[in-house]
Amino acid sequence: MNQLIELFEYQFFVNALIGTLLASIIAGFIGTYIVSRKIVFISDGITHASFGGIGIAYFFGFNPFMGALLFGIVTAFGIEWAQKKTNIREDSAIAVLWSVGMAIGIIFVFLTPGYTPNLMSFLFGNILSITSFDLIIMGGLTLFITSLFLIFYRPILYSAFDPEFAKALGLPVSLIRYILMISIAITVVVCIKIAGIILVMSLFTIPHIIANIYTKEFKTIIWLSMIFAFLGVIGGLIISYYADLPSGATIIIILVALWGILKGVSKFV
Amino acid sequence: MKLLELKNVTAGYNGLNILNKINLTVNSNDFIGVIGPNGGGKTTLLKVILGLIKPKSGTISFTGMSNGIKSIGYLPQNNTFDHQFPISVMEVVMSGLASKYKLWKRPTKTDKIQAEELIAKTGMLYYKHTPIGELSGGQRQRVLLCRALIHNPQLLILDEPTTYVDKDFEGELYSLLSDLNKQMAILLVSHDIGIIVSYVKTIACINGTLHYHPSNKITNDLLLTYNCPVELVTHGKVPHRVLKQH
């Protein structure tokens, strides 16, 4: 126990803890939206495509986070636009943007002379590498997403559930969807530090799946997902620290284990 | 009173015109059955009226406005949304009020009471917290009908309301519509001509162009000219009926 308390003396651990709390809140809102609208594949495409921005940022020497953010947002717009205006099938469009983003990233990382610091933490996540700058960004995003969902909960819910009906009622369905797509892009990029490009989508989907054991109501799923995301990340953080394991992967395993246990318990209760 | 008027409306998707210069007037207390072959433009007509697609030419005027929005209740085809979406019956019904308020406004207690009354009227009160995906086809249609009716529309539009529902519900639905028709105009798209001639007052037949029949009598000539689909026999609580001369 003392050992655990001692951890709080380290700034990196405190940062990780605050990061966990903020990420859980964002994951609760955005994860519920993504899974309910069945756009997990789109969101994963955005995440992977953002690697292109990271590669370019390394090559030109600017902040990789900014590069990822730019690529993420452009991809989100690209998918939403392609879906509406072109005849390209949605899943094909996602697969193309996904792999093109990764390919650009790989080429630029390869071309970057010398060592590329933190590359592994972008791919696999490293919750202990969260900086104060990251926390400011996460805090701002948490505030934005929370206000968005609290103020516009109904229009968001209605346009996700039955967009055509919502449009017939005069709701600005396209605008709402674009804002949400951009929010998804920013969210996944911000959360990359926690679970990495390859694993981050699980942070948004597994808590939702666990919440689904108990409820099928959008609002309740949001709150429960936050709690389960927090439990999973905090558990993963502590276990990975003591067992010296990669944090991103540990978090995912903890979340899946949590789901398995609670699902099992729910069968008997 | 004239509620809706379409004048020379041409509409379609991309380069293809599905509706060609159609004219239609809907007055309050009309009950118009819209029939026509698949691809004839029935759904396109509804989408144009609802404002989901803009006509390429022609004008649409809707006088039945309340609070600056079109007072139209809409019951879409049963399969237009994801049945697994985590949303309860109550929330679905309340969503029908979305246009009544500004985006950030919350519904009032009176709205909730009104929603509950409506849900109770269709016998669904027990299910008000049930997720929409756990209902049967007929129960789901009841909920969607509540959603369409909650803001007391002046025009009710129904797109194939009896697909995926059992014949008992069909009978119930149509007698309910006859009641509702005392308060609002109804535009009903259906393949089922048996139903159409039993309940509607007039018929609009669409196959690219629109042909309006100011009565509910279907003649052989009408069916031949407009290639309208026919379902001869109806079941359940609705009286059985076979059309003349086929």
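**Helix packing and the chain contact**

User: Which residues of H3(A) and H10(A) meet?

Analyst: This is a predicted model. In H3(A), Val40(A), Ser43(A), Asp44(A), Ile46(A), Thr47(A), His48(A), Ser50(A) and Phe51(A) take part. They meet Ile184(A), Ala185(A), Val188(A), Val189(A), Ile197(A), Val200(A), Met201(A), Phe204(A) and Thr205(A) in H10(A).

User: How many of those are nonpolar, polar and charged?

Analyst: The contact of H3(A) with H10(A) has 11 nonpolar, 5 polar and 1 charged.

User: At what angle do the axes of H3(A) and H10(A) cross?

Analyst: They cross at roughly 100° and come within 9 Å. So H3(A) is roughly perpendicular to H10(A).

User: New topic. Which residues have the most contacts inside the largest nonpolar core?

Analyst: Ile26(A), Cys191(A), Val93(B), Leu155(B) and Ile157(B). That core has 148 residues. H10(A) gives the largest share, 22 residues.

User: What does Cys191(A) touch?

Analyst: Leaving out residues up to four places away in sequence, Cys191(A) touches Ala23(A), Ile26(A), Ala27(A), Val200(A) and Leu203(A).

User: Now H12(A). Which residues there are buried?

Analyst: Ser247(A), Gly248(A), Thr250(A), Ile251(A), Ile252(A), Ile254(A) and Leu255(A). Their cover includes H6, H10 and H11 of chain A.

User: What span should H12(A) have?

Analyst: With 22 residues at 1.5 Å a residue, H12(A) should span 32 Å. Its end C-alpha atoms are 32 Å apart, which agrees.

Conventions. Residues are numbered from 1 along each chain as its sequence is written. Chains are lettered from A and ligands numbered from 1 in the order in which they are written. This is a predicted model: local features need pLDDT of at least 70, side-chain atom pairs count only at pLDDT 80 or more; totals for chains, interfaces and linings use all residues. Helices (H or I, at least four residues) and strands (E, at least two) are DSSP runs, numbered from the N terminus. The expected span of a helix is 1.5 Å times one less than its number of residues. A residue is buried if 20 or more other C-beta atoms lie within 10 Å of its own, exposed if 12 or fewer, and partly exposed in between; C-beta atoms are placed from the backbone. Two residues are in contact if their C-beta atoms, placed from the backbone, lie within 7 Å. A nonpolar core is a set of buried Ala, Val, Leu, Ile, Met, Phe, Trp, Tyr and Cys residues joined through C-beta atoms within 7 Å. Axes are lines fitted to C-alpha atoms, for helices over the stretch in contact, and angles run from 0 to 180 degrees between N-to-C directions. Angles under 35 degrees count as roughly parallel, over 145 as roughly antiparallel, 65 to 115 as roughly perpendicular and the rest as oblique. Ala, Val, Leu, Ile, Met, Phe, Trp, Tyr, Cys and Pro count as nonpolar, Asp, Glu, Lys and Arg as charged, and the others, Gly among them, as polar.
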